Amino acid sequence: MTWRRGYEYCKSLSRRLVYVSPSVRADFQYMYEDINCGCNITFWTAHQVSNHTVVKAQRYYDNFPLDNIKEDSSLLLCVFLVYESVNKIIGWEADECNDSSARHGLVCDIVFPEDKKIMTLYIANLTWTDANDFCEERNSSLMLENGPFTYGELDYLLVKGYWSNTRINSFWTYHRTSNYVSTVSLLPINSSSYNADIGGSYCAYVVIERPLEPNKLTWMSDFCLNSSRSFICESESEEFYYTQFENVRPVGQGLNIVFEVRLTSLADCLLKCNESTENGIPCELFVWNKLNSTCQLLNIEQAALPFNDSKCCYWDDTSKQYEMHVAEGCTTYDRFIYTPRIVEDYPSGDEITTLENDGPLSTTINAKLTEALSLLQSSRTMPVHREYWCDQCTVF
């Protein structure tokens, strides 16, 4: 299929065309090394390149290009991976994105979350029904998101980040279940739509296990009407949330520099980070050097497990970790999809005090030498389940 149809198909599955970072390229090299078909295997990627910098239909063997981040031009060609089974080597070519004669296979990767949410934590204890009604009256819902990215971000916010001083032990979610869960279960919450009368169902809540090391977010369920807990209201947001670490930069073997440019502004750096994910190239954090006006967009690699031929996909389940090292003049901006807010007063009437954020760059940590070095324990650790789905793994 064409690149555009492939892009829309992956999007319909809540996925994206595969982003070929250096480690992902190595993964594919490993996957295909036993193939001896004497042919070329091709499939579209998330990469696009300016027609001013490459020659259409000419094969290249360097790193996959990222002009869809560097340039705002509409004159972009779309990049497809080529595995030469005879030479056992991976290259790439660029072709028209909508040309019906340019047809290649398709690999849909996981999506780095693009939905931006405001998560407001209410300390007051309410029953599930009262909390649910309260959120709905404010055009929001009890926390519905339920996946590894949710787990990773909430774990950071509750244990080390913006909400770490609240010391709450549990909070309601939107999910209901027919069974009473009396022992903690690992996230994500295993529940489906449950339409029974509220009086005959149980409601799920997240448990913050303290002082266990490491802290864990798990879940249980209880009668929706007979117990009271804190809760989180979830609503849409127009911007991402960033935690700023002053005078430090991330260092780690798994860090991948997506994009680097000099003589730019902080505002442009922020814009590029936000837009890159929409183009299928995840920017999970960026570093702004005010001394030379340099911007670096970064993401974090995960090591993949061996390819599973029977399912035509492979995956890993690992943690993203990096260290912060002292770097004068540098500020690291760690991106979150959830903007945290907190309400400490009882949520009744119009007299509600919310600790508002100042904007997308809202939380700053000014690190001294010893504090900066201790940030390697404070960096986000996010469990990630990663998959590549290859529809037939051949040309469509």
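Which residues of β15 lie on one side, which on the other, and are they buried or exposed? The close-up views below begin with that strand. They come from a predicted model.

**View 1. Strand β15 is covered on both faces.** Leu285, Val287 and Asn289 sit on one side of β15. Phe286 and Trp288 sit on the other. All of them are buried.

**View 2. Strand β15 pairs with β16 and with β18.** Start with β16. It runs antiparallel to β15, and 5 bridges join the two. Together they form a hairpin, with 4 residues between the strands. Ser293 lies in the turn and has a positive phi of about 55°. Now turn to β18, residues 323-336. This strand also pairs with β15 in the antiparallel sense, over 5 bridges. Val287 shows both pairings. Its bridge partner in β16 is Gln296, and its bridge partner in β18 is Thr332.

**View 3. Helix α6 has the span its residue count predicts.** The helix covers residues 266-278, which makes 13 residues. At 1.5 Å a residue, they should span 18 Å. The end C-alpha atoms are 19 Å apart, which agrees. The buried residues of α6 are Cys269, Leu270, Lys272, Cys273, Asn274, Ser276 and Thr277. Just after the helix comes Gly280, with a positive phi of about 90°.

**View 4. A disulfide links Cys269 and Cys295.** The two sulfur atoms are 2.0 Å apart. The torsion about the S-S bond is about 75°, so this disulfide is right-handed. Cys269 lies in helix α6 and Cys295 in strand β16 (residues 294-300), so the pair ties together parts that are 26 residues apart in sequence. Both Cys269 and Cys295 are buried.

**View 5. A disulfide joins Cys10 to Cys108.** A search of the whole structure finds 7 disulfides, and this is one of them. The S to S distance is 2.1 Å. With -80° about the S-S bond, the link is left-handed. Cys10 belongs to helix α1 (residues 3-12) and Cys108 to strand β5 (residues 105-109), so the link ties together parts 98 residues apart in sequence. Cys10 counts as buried because its relative accessible area is 0%, under the 20% cut-off. Cys108 is buried too, at 1% relative accessibility.

**View 6. A disulfide joins Cys78 to Cys97.** Here the S to S distance is 2.0 Å. The torsion of 95° about the S-S bond makes the link right-handed. The pair connects distant parts of the chain, 19 residues apart. Cys78 is in strand β3 (residues 76-84), while Cys97 is in the loop between β4 (89-95) and β5. Cys78 is buried, with a relative accessible area of 0%. Cys97 is buried as well, with a value of 9%.

**View 7. Asn68 is a buried residue of helix α3.** The helix covers residues 67-70. Asn68 counts as buried because its relative accessibility is 6%. A polar atom of its side chain lies 3.4 Å from the backbone nitrogen of Gln48. Leaving out residues up to four places away in sequence, Asn68 touches Ala46, His47, Gln48, Leu76, Asn279 and Ile281.

Note on methods:
Residues numbered from 1 in each chain as written. Predicted model: local features only at pLDDT ≥ 70, side-chain atom pairs only at ≥ 80, totals over all residues. Heavy atoms only, no water. Buried < 20%, exposed > 50% of the residue type's maximum accessible area, 1.4 Å probe, protein only. Polar contact = N/O pair within 3.5 Å; in protein donor to acceptor, adjacent residues only side chain to side chain. Contact = heavy atoms within 4.5 Å. Expected span 1.5 Å × (residues − 1). Disulfide = S-S within 2.5 Å. Pairing = 2+ DSSP bridges.
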